[in-house]
Amino acid sequence: MKDFSQPLIENKEKIIERWVKKVCEDSRIESTYGLSRPAIIDHLEHVLAALAIILAQDKKDNFETIVEASLNHGILRAEQGFDASEIAREYHLFRQIIFSTIEDCLLQATAIEIMEAIRSIDSVVDEAIARCFQSYTQQRIEELENLQNQLALHNQELTRFARTSQDNLSYLAHEIKTPLTSIIGYSDLFLRIQKQKSEIKSTYGNLEHIEQVLTSGRKLLRLINNALEISRLETGETKLKLEPINPREVIEEVTHMLKPSLGNKNINIKANLHKSPQVVVTDSLKLQQIITNLLSNAVRYTESGEIEIACETIDENRWKIVVSDTGIGISEEELLNIFNPYYRVAPNITSCVIDGTGLGLAIVSQLITIIKGEIIVESELGNGSTFTVILPLQIQNK
Ligand code: ADP
C-alpha cells in the first residue's frame, strides 16, 4: 500500500503557510482580521500530524489523536467570534491544500490506493469538523447561558431600581398633593369671599392673580393625579372590580358632569343611547374614567359644532361606545402616537394651545386593556375625530 503520509510530513510547514495565507485572503472568513498568525493556525498542525499518522498506520478509524485538537479549536474559534460558516470554510481550504500537496503522489498510485487515500483524508477532515462544531456549539451555548444569567440579574436590578424610583416619585407626588390641595382650597375660598363683598369692584385686578393661582394649581393637580394613575396602571397595581351596571346611567352621569366645561363654546352635546345594553358586567369606575377622558378631550379639542356619544350592543358578547366630535381632528402620523404617555400633538399642528398632560389617552388605553376591550380611532386633520371603544358585555373574572 502506498504511503501518502510522506508528502504531508515533508511539506508540513508549506501546507500550514499556504493555508494561513488562503484563510487570511478569503473574503468569506472575516473573523481572521486582526488575529495573530499563531491564533489563526491554532490546532491545525495537530490535525495535520494526526492525518499523517492515520495515512501511515493504515488505521482508518483511529481518530482519537484529532479529537482533542479539534475540540480545542472549536472553543477557540467561538472565543474569537467566528461563525459556523467561517469554520466550515477554513476546513474546506484545508482539504483543498492537502489534496493539491499529495497530487503528484496520487497520480502514481493505483485506483484503489487513490480511493483509499481520498476516503481517509475525507474521514479525518470530516471528523475534525464534527468535533470542532461540537465544541463550538457547546461554547456558544455556555456563552448564551452566561449572557442570559447576566441579563436576568440586570433585569432584576433594573426592576428594583424602577420600583424604587416609582415609589419615590409616588411618595413625592403625594407629598406635593397635600399643600397643593390647600393652596387650591384657600384660593378658591378667598376668591369666593372677595367676590361676595360689595367693595370688590375696585380690587378686581388683584383677584385675577388669585384666579391665575387657582387655574395653575388645578392644572398641576391634574398632572400629578394623571401621573400617579399611569404609574399605578403601568405597574399592574390596579385591580378589577366587577359589578353589573347600566351603561346608559354611567354615560348620562359623565355627560351631565362635563357640561359646565363647555363654557362659552358653541357645542351641542348629543347622547344617542337608545340601543344601549340594559346591563353589562364591568368595572364601573374604570368605564367612567374612560368615558370622562374621551368626552373631555372631545370638548377641549372642539371649538364649535357637535359632540356625540353613542352606545349600542354589537352582538351577544360585545357592546361599544362611540365618542365623536367635529373638532380639530388628528393627522394620520399623529394617530400612531397619541396613546403614548406624555405625548401631545405639537401646537403648530393643532394650531391652538390647549391645556393638557398628554396622559389622558395613555390612561384610557391602559384601562381599556384591563377591562378587556379595544379602542379604534378614526380622524382627519380639521375634520373631527371618532373614538370607538369595544367592550365585552360580561368580563369573565378569571
Ligand atoms: P392631552 O392631555 O394632551 O389631551 P391625551 O393623551 O388625552 O393628552 O391626548 C393626546 C393628544 O391626542 C392630545 O395632545 C391631542 O393632540 C390629541 N387628541 C386627543 N383627543 C383628541 C380629539 N378628540 N380631537 C383632536 N385631538 C385629540
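Which polar side-chain atom lies 2.6 Å from an oxygen atom of the ligand? The first point answers this.

1. The atom belongs to Tyr-301, whose polar side-chain atom is 2.6 Å from a ligand oxygen. In the side chain of Arg-300, an N or O atom lies 2.8 Å from an oxygen atom of the ligand. The backbone of Val-345 also takes part, with a polar atom 3.4 Å from a ligand oxygen. A polar contact here is a pair of N or O atoms within 3.5 Å; within protein, one must be able to donate a hydrogen and the other to accept it, and residues adjacent in sequence count only if both atoms are side-chain atoms. The protein covers 98% of the 530 Å² of accessible area that the ligand has on its own (Shrake-Rupley method, 1.4 Å probe).

2. This is a predicted model, in which local features need pLDDT of at least 70 and side-chain atom pairs count only at pLDDT 80 or more, while totals for chains, interfaces and linings use all residues. Residues are numbered from 1 along each chain as its sequence is written, and side-chain values use heavy atoms, with hydrogens and water left out.

3. The ligand is surrounded by 20 residues, and the closest include Arg-344, Thr-357 and Leu-361 (a residue is near if one of its heavy atoms lies within 4 Å). Helix α11 provides the largest share of this shell, three residues. By class, the shell holds 10 nonpolar, seven polar and three charged residues (Ala, Val, Leu, Ile, Met, Phe, Trp, Tyr, Cys and Pro count as nonpolar, Asp, Glu, Lys and Arg as charged, and the others, Gly among them, as polar).

4. Strands β6 (residues 374-379) and β7 pair in the antiparallel sense over six bridges (pairing requires at least two DSSP bridges). Within this pair, Ile-375 stands opposite Val-389 of β7. The two strands, β6 and β7, form a hairpin with five residues between them, and Gly-382 in the turn has a positive phi of about 85°. Helices (H or I, at least four residues) and strands (E, at least two) are DSSP runs, numbered from the N terminus.
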